[in-house]
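Please keep the sequence and the three-dimensional view at hand while reading.

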Amino acid sequence: MSKHRRKNREEKTLTRLLEFCRPYIGQIIAALIFAIIYVGLNLVAPILVGYAIDYAVGVGKVDFVSVGLLLLGVGVSAVCSGVFQWLMNMCTNTVVYFTVRDIRRLIYKKWSTVPLSVIDRTPHGDLISRMINDADSVGDGLMQGITQLFSGIVMIICTLVFMMYISVTIAIAVVIITPLSMFVAAFITKISRKQFMKQSEVQGEISSYIDEYIGQQKLVKSFGYEERSMRSFEEINERLRICGQKSQWYSSLANPSTRFVNTLVTSAVTILGSLSVIGGTMTVGSIATFITYANQYTKPFNEVTGVIPQIQAAMAGARRIFEFLDSENMSEDPENSEENRNLSGNIDIDHVNFSYVPTKKLITDFNLHVGSGQRIAIVGPTGCGKTTLINLLMRFYDINSGSIKIDGKSIYQMSRHDLRSNYGMVLQESWLYNASIRDNIAYGRPDADIEDVIAAAKKAHIHNFIQRLPDGYDTIVTEDGTNLSQGQRQLICIARVMLCDPPMLILDEATSSIDTRTELRVQKAFAEMMKGRTSFIVAHRLSTIKEADVILVMKDGNIIEQGDHNSLMKAGGFYSNLYNSQFAVAQEG
Amino acid sequence: MFRLRRFLKDYIVYLIIGPLCKLTEAVLELFIPLVTADIIDNGVLKEDASYVMSHGTLMVLMGALGLAFALVCQKSASITSQGFGTKLRNAMFSHINTLSHAELDKIGTPSLITRMTSDINQLQLAVAMLIRLVIRAPFLVIGALVMACTIDFKMSLIFFIASPLIALVLYIVMNRSVPYFKDMQKKLDKVSLLSRENLSGNRVIRAFNKQGSDEEIFERSNSELAETSVRVGRISALLSPVTYIISQAAIIAIVWFGAVNVNIGSLQTGEIIALVNYMTQILLAMIVVSNLVVIFTKAFASASRVNEVFDTKPSVTQKTTDIIETVPGAPAVEFRGVSFGYGEGGDALSDISFTAEKGKTIGIIGGTGSGKTTLINLIPRFYDTRKGEVLVNGVNVKEYSFRQLRERMGIVPQKAVLQSGTIRSNLAWGDPDADDEKIENALKISQSYEFVSKLADGIESEVAAGGGNFSGGQRQRLTIARALVKQPDILILDDSASALDMATDAALRRELAAMKDMTVFIISQRVSAVRNSDVILVLENTALVGKGTHEELLETCELYREICRSQGV
């Protein structure tokens, strides 16, 4: 049962892989035709050479005209064969590299359609390994598969035709023998398949490890962790070596083993044939023919088994890729609709329950009603669910039960695109991409002209700084953004939102890395922008909190207090404790 | 590429045995037709059934022997190539560990990942092929050449023209395609970079509804990669057709001149057949070689990328690995006229001088980009100064071994990142032998004890890569605990309490202030976080503009007063 299923899956992987090649069916057919011509010409040339030699029989008896004509034929066939082989290679190249490109494109697309939780939970190194290494081995496998299998199969068919032409009985006998080597190859493939899958997995693991540790070199150094990280790396690397060695070893058994089977066949044929000749049931000549053809016929099989390792690695890679491509997508979105944009921002959250892991309850029976244009500050001890609330508002994660409505309409009845276009978000971890500062600011509105970008930068108080850079707005943000300080990165993120000018704002500890003088200016700009817009601010600064219309005090996934600064202070609850402790320390000296 | 041969050193035995076995197998394979001929000539024609049986058995034995040799070769190849790759990866990882941040920034993490996976895989394949095929092919070529010479020296001239011609084609193709292969790997790096970026910014991308446009950027790089691959394929695709045509031309020459010689009686027909067969043998060997050339060309490109990493020398190196004497009673940290800049850029710090006595708390405050992080990066010597010197315990940091210098320092970076593992394994960074008490103590000081003990698995709780399953504030506190487990003499907090709520932050600072032996550096934007420090350093545009206690600075430093005003202090 399970065996059957696995075989099924194997076939499915292959058919899906071929499915990817379908757009290039033209090239594949062309490659096949070119292969037939080139192999055919390849087989013809030796025959012509043979005939030519037959005309050079002895002193003074050479027929130079015939020899010349035949050699001319050899020349023409050689050139044609060369040309067609080249054409075949070109076609397979195109098919292979474009197929790999298509696969990579699909993986990339998939990254934006899976639920965010998949990206949050899977090590990024592993996802990248599927994109880079696994796709590469699929390419290598396809290349070997198409070139070797194609010419191999064509070679088999051609020799079969030649053999049939000479003797049908011998041909049938040879055809019956060859499956033996195929059987051996299949057996070995089965053994090594597991190892290849494992190798591919460990490869993903090692990529993740490198990603994690090389990316954190400063930390590694300051903790003198070099040796220890080296040890763990060596441990993973050793596992990679073991399964790599095993998969390579097992799969490389196929070729010598099939060749041995061929030798056995030849020996058996020779012995049995010779004995039959002695017994008088066969002629000497037929043994020779038999052996020659058996050899010629089995050769392509050997060539095919020679590329089995690459093909297996490709299948393992393809399985990992398809496994990811098959992971569940986010739920379907309703149609985009203009009327869901530029909402006024009345938010009703009723009886919402949510948890990241089913066993660990996080938010239970959460209720909140926010009027349009209100400014909501969320405060509370770390881990109280502030970031989670934002995840739910923007539908990065879906709630388990309850309802969230904007302007009376459930956010699950509008598309994610529409919903999110209503929000401007600045996260604590400022994410910029490898492009110019200008492109980064214009991220949400790529059509914005430079004046708009500068205006936004001015509003975020980063314009002066950008101008001082040698390349100004064209300065490229490096991968880790090391040419900008954390604060500067965050200001750019703020400018990015300023440019979009959305009806609702979400600021997640957005100003924590900006010095207070700059922050003051940014706050002013924000205050300007927040007018008439519903805003959620996760903040720790008193100045931010004091100005809020509503302060939500959250603890363990629930709102425990709600009100403005003065009323909460009067109430003398959790908030006033929090507030007082800040000043207590400040005054303690 | 040959520079990498040092990683093959331990496999020298396999490197010799492997190809030798392959050769033996080839020779045995060549003998089998002779045995067949023998059986027919001596067995069948003389009707000797026992001769047929014994030589038939001999044939099977030779086949089995050939199989055994082939297996030894394959085993050697798998052991050597995988061992080589493993050693290379280890060496590279360890080399990367010695590099300073400046060099790592230049190469970039995604590129390092492709170099350590894709490029090394390529080299591994090349080593396997080296053992399996490289010796055999030239052996067959040389064997064929020698045989040709013994048959007819004049005719063998054709061989001596054709073979170098084929070699030349191999060389040209290889030479032309190496730059393309390098280019290809570079484009692969770009794809990898974009992948990483997309994954790390996935949330923001979704927030801005940008899924579509990012795909375009990726698609451009992805297509460029495919197009470069096709372009390089166009060159390597020429290889076997051209060698085939050359060898066929040689065969035509052999038959023609052979025919001429036969006509005048200086050559026999059978000898032409032999020469043609040898030429075919050379062609077959050359086809193998041309496949190898593609593999080795790629390997060459990969080798140079790998070597590029090995050639990158750390800009900061230690003078000694010995423990050196420190000056008793000297300040914990002292800056004397320090200036510093990144790469060729302008000064990021100019002429900074200050002293931090043992056990004191030093607050550092200043605007975004004023050089605060840069300043503390010089204490553990992540970078070297341009001018002036940094002293720890009275000794210039350049005199220390890295281990001695950094052993007694706890650094909490701005960006709170945890490694995948458990809370315990993360805290063990500071001290691998830390017992529960020590860990609990560190958790308590860093204000993380409460939330950690609430977790179902306590300190054994799982931590995802980067620490994504903890909130920003929890992560920050755990990174502080991690530094505290080390029980450092010098603790550096680089704005590492920014995500903490006020009460937690205050409690944390109270605990730290109680640790009298520890010199603490606190970088912060908040006056409240630094106002109680023994010395506060005020930075503005790379320069030190104020130095003193809170009260002194209120008197003397205009900028400090301004900062205080802005925070309502």
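**Nonpolar cores**

In the largest nonpolar core, which has 233 residues, the members that touch the most other members are B:Ile254, B:Val255 and B:Ile492. Helix α10 of chain B, residues 269–311, contributes the most to this core, namely 19 residues. The model described here is a predicted one.

- Beyond its neighbours within four places in sequence, B:Ile254 is in contact with B:Met155, B:Ile158, B:Ile272, B:Leu275, B:Val276 and B:Met279.
- Another core, of 72 residues, lies apart from the largest one, and its members include A:Val370, A:Tyr443, A:Ile466 and A:Val538.
- As general background, nonpolar side chains tend to be buried together in soluble globular proteins.

**Chain B as a whole**

- Chain B contains 20 helices and 12 strands.
- The C-alpha trace of chain B spans about 115 × 55 × 50 Å along its principal axes.
- The radius of gyration of chain B is 35 Å, whereas a compact globule of 569 residues would have a value near 25 Å.
- Of the 569 residues in chain B, 50% are buried.
- Taking the contacts in chain B between residues at least 6 apart in sequence, 77% join residues at least 24 apart.

**Chain A as a whole**

- Chain A contains 21 helices and 10 strands.
- Buried residues account for 50% of the 589 residues of chain A.
- Among contacts in chain A with a separation of 6 or more, 78% are between residues 24 or more positions apart.

**A sheet in chain A**

- Six strands of chain A form an open sheet with mixed pairing, in the order β6-β7-β8-β3-β9-β10.
- Strands β6 (423–426) and β10 (558–563) of chain A stand at the edges of the sheet; each has a single partner strand, so one side of each is left without a neighbour in the sheet.
- From one strand to the next, the twist averages 15 degrees.
- Within chain A, strand β3 (residues 375–379) and strand β9 (residues 550–555) pair in the parallel sense over 4 bridges.
- A:Ile378 has A:Leu552, in β9(A), as its bridge partner.
- Helix α12 of chain A, residues 386–393, packs on the sheet and touches β3, β7 (504–508), β8 (534–538) and β9 of chain A. The direction of helix α12 of chain A makes about 150 degrees with that of β7(A).

- Where is A:Ile206 placed? A:Ile206 lies in helix α7 of chain A, which covers residues 179–214.
- Is A:Ile206 buried or exposed? A:Ile206 is buried, because 24 other C-beta atoms lie within 10 Å, and a residue counts as buried at 20 or more.
- Not counting residues up to four places away in sequence, A:Ile206 touches A:Ile236, A:Asn237 and A:Leu240.
- A:Ile206 and A:Ser129 are 77 residues apart along the chain, and their C-alpha atoms are separated by 9.1 Å.

**Where the chains meet**

- The contact between the chains involves 141 residues from chain A and 145 residues from chain B.
- On the side of chain B that touches chain A, helix α2 of chain B (residues 49–98) supplies the largest share, 25 residues.
- Sorted by class, that side of chain B has 66 nonpolar, 58 polar and 21 charged residues.

Methods
Residues numbered from 1 in each chain as written. Chains lettered and ligands numbered in written order. Predicted model: local features only at pLDDT ≥ 70, side-chain atom pairs only at ≥ 80, totals over all residues. Contact = placed C-beta atoms within 7 Å. Helix = DSSP H or I, 4+ residues; strand = E, 2+ residues; numbered from the N terminus. Nonpolar A, V, L, I, M, F, W, Y, C, P; charged D, E, K, R; others polar. Rg over C-alpha atoms; globule rule 2.2 N^0.38 Å. Buried ≥ 20, exposed ≤ 12 C-beta atoms within 10 Å, placed from the backbone. Core = buried A, V, L, I, M, F, W, Y, C linked by C-beta atoms within 7 Å. Pairing = 2+ DSSP bridges. Axes fitted to C-alpha atoms, helices over the stretch in contact; angles between N-to-C directions.
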